[in-house]
Structures are given as structure tokens and as C-alpha cells.
Amino acid sequence: MKMKRRLVRRAFTLVELLVVIAIIGILIGLLMPALSGVMATSRLNECQSNLRELARMTVAWSDDHNERLLPFGNTTNNWDWTLAREAAGYTKTPDTYVGDDPPGVFYCGESDVLVSLARLCGFGMNDYVKTNATPSYRRLSDIRAHSSVVIFGDSKLTALGPASFDPRHRGKVNFAYFDGHAETLKSNEVRTVVSTFPWRDPN
Ligand SMILES: [Zn+2]
């Protein structure tokens, strides 16, 4: 009898089990928002790192080409992403980015842009530093202030302008500049950053 009573005391009752399950459920419910916040921050940091790398490699490309800015003028009327990829050390042809091939530094983790032959990047390039306009062959030295002129940023379009940025990081946007730095801005801070006239000269 004594032994049986001891066994009964040690066992969990159904109610106790349900309470434990409920507590675990509540803890998971409390942790999930924090976990999703951590993951969003991680995506924001990775995006900023990708943009910084793209900006630095693009400037490095110019350094190797007599300071000339990356040309554009392909069939989709955007910057030549093939050259941009070459600038970042990528030698793959565009079609290798379709399908399961990871887009690497050309992609933002919050972007819903499909990587395809038509759109190979989750970012936009500053629409106002295109180099097919006259005078052609703009150079790094033509840029007004390297630390304040944007090259790349979060955008659903390949052309990035004051109205085409995408605040996909919980209302914030990442940008990278000609001096190689990157930063995160709130939507209402963006318009003063993406200048419509990035050149040193008045023409
Ligand atoms: Zn991003």
C-alpha cells in the first residue's frame, strides 16, 4: 500500500501536463515576435552589407577604367548589370542567375522581386547618375560629393529615384554611396538623400 501511494504522488496528472503545455505555448508566443524582429534585423544588416560591397566594387571598376562610371544602355534601358556583376567579381552570365542559383550580393532578403533575366537585382541604381546622357562617359571625379551621392538602394525598380525607393525593412530603406559607405534611413528621410543632380558641374 505504501509503495502504491508513493507511485501515485510521483506521476503527473493530466491537469499538470496541460498546464505545462499551456505555459510552453505562452512562452513560444512571447518569443516569436522577438525572434522575427531578430531575423528582420539580420536581413537589414545583410542587405546593407551587400549594398556596401556592390558600391565598393562598382567604384573599384571605375578605378580600373580610368575613373569612368559604369555604363548603362542595355535593352531594358537600365544600368548594365552584367558590368555591375563583373565589377563585383562575378563572371557568370545572366542566365546562371535564373533558377536556384543564389543571387549573392545582388539581392535583398526582404525583396519580393523575382530574379530573372529581366530583373537580376533586388536593388535599384541611382537614376540620376546614368552615363548614357550627354556628356557621355561621366567619371568618378564628376560626382559632386562621394559621401552623399547614392549609387544603390532598396528599390523595386532598377532605376532608383526620390520616389522609387522601397522601405521594405519595416519602413526603412538601405542605401550605399560613392564613398563605399551604406546607411539605413526612414522613408521620410529619403527625399533629401537621393539627389536629382549628383554632378559637380552645373550642366
Ligand atoms: Zn534591403
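1. Basis of the note. The model is predicted, and local features were taken at pLDDT of at least 70, side-chain atom pairs only at pLDDT 80 or more, while totals for chains, interfaces and linings use all residues. Residues are numbered from 1 along each chain as its sequence is written.

2. Overall make-up. The protein chain holds four helices and five strands, and from the N terminus the elements follow the order α-α-α-β-β-β-β-β-α. Helices (H or I, at least four residues) and strands (E, at least two) are DSSP runs, numbered from the N terminus. Of the 203 residues in the chain, 28% are buried; a residue is called buried if 20 or more other C-beta atoms lie within 10 Å of its own, exposed if 12 or fewer, and partly exposed in between, with the C-beta atoms placed from the backbone. Among the contacts with a separation of 6 or more, 66% join residues 24 or more positions apart, a contact being two residues whose C-beta atoms, placed from the backbone, lie within 7 Å.

3. The five strands form an open sheet in the order 3-1-2-4-5, with mixed pairing, where two strands pair if DSSP finds at least two bridges between them. Strand 3 and strand 5 are at the edges with a single partner strand each, so one side of each has no neighbour in the sheet. Strand 1 pairs with strand 2 in the antiparallel sense over three bridges, and there G124 stands opposite G153. The pairing of strand 1 with strand 3 is parallel and rests on two bridges, with L160 in strand 3 as the bridge partner of N126.

4. Strand 4 (residues 172-177) and strand 5 (residues 182-186) pair in the antiparallel sense over five bridges. K172 stands opposite K186, and F175 has E183 as its bridge partner in strand 5. Four residues lie between the strands of this hairpin, in which G180 takes a positive phi near 90 degrees.

5. Helix 2. This helix has 51 residues and spans 73 Å from its first C-alpha to its last, close to the 75 Å expected at 1.5 Å a residue; the expected span is 1.5 Å times one less than the number of residues. A kink of about 30 degrees lies at M32, shortly before the proline P33, the bend at a residue being the angle between axes fitted to the seven residues ending there and the seven starting there. The buried residues of helix 2 are L44, C47, Q48, N50, L51, L54, A55, T58 and V59.

6. The core. The largest nonpolar core has 29 residues, and the members that touch the most others are L51, A55, I151, F152, F175, A176 and Y177; such a core is a set of buried Ala, Val, Leu, Ile, Met, Phe, Trp, Tyr and Cys residues joined through C-beta atoms within 7 Å. Helix 2 (14-64), strand 1 (123-126), strand 2 (150-154), strand 4 and strand 5 each supply at least two of its residues, and the largest share, six residues, comes from helix 2. Leaving aside residues up to four places away in sequence, I151 touches A55, T58, M125, N126, A176, Y177 and F178.

7. A buried loop residue. F165 is found in the loop between strand 3 (159-160) and strand 4, and F165 is buried because 24 other C-beta atoms lie within 10 Å. Not counting residues up to four places away in sequence, F165 touches G153, D154, S155, L160, V173, V190 and V194. The C-alpha atoms of F165 and S155 are separated by 4.6 Å, although the two residues are ten apart along the chain.

8. Backbone angles to check. After helix 2 comes N66, with a positive phi near 55 degrees. E67, in the loop between helix 2 and helix 3 (81-87), has a positive phi near 70 degrees without being a glycine, and E67 counts as partly exposed because 15 other C-beta atoms lie within 10 Å. R170, in the loop between strand 3 and strand 4, is likewise not a glycine and has a positive phi of about 55 degrees; R170 is exposed, with 12 other C-beta atoms within 10 Å.
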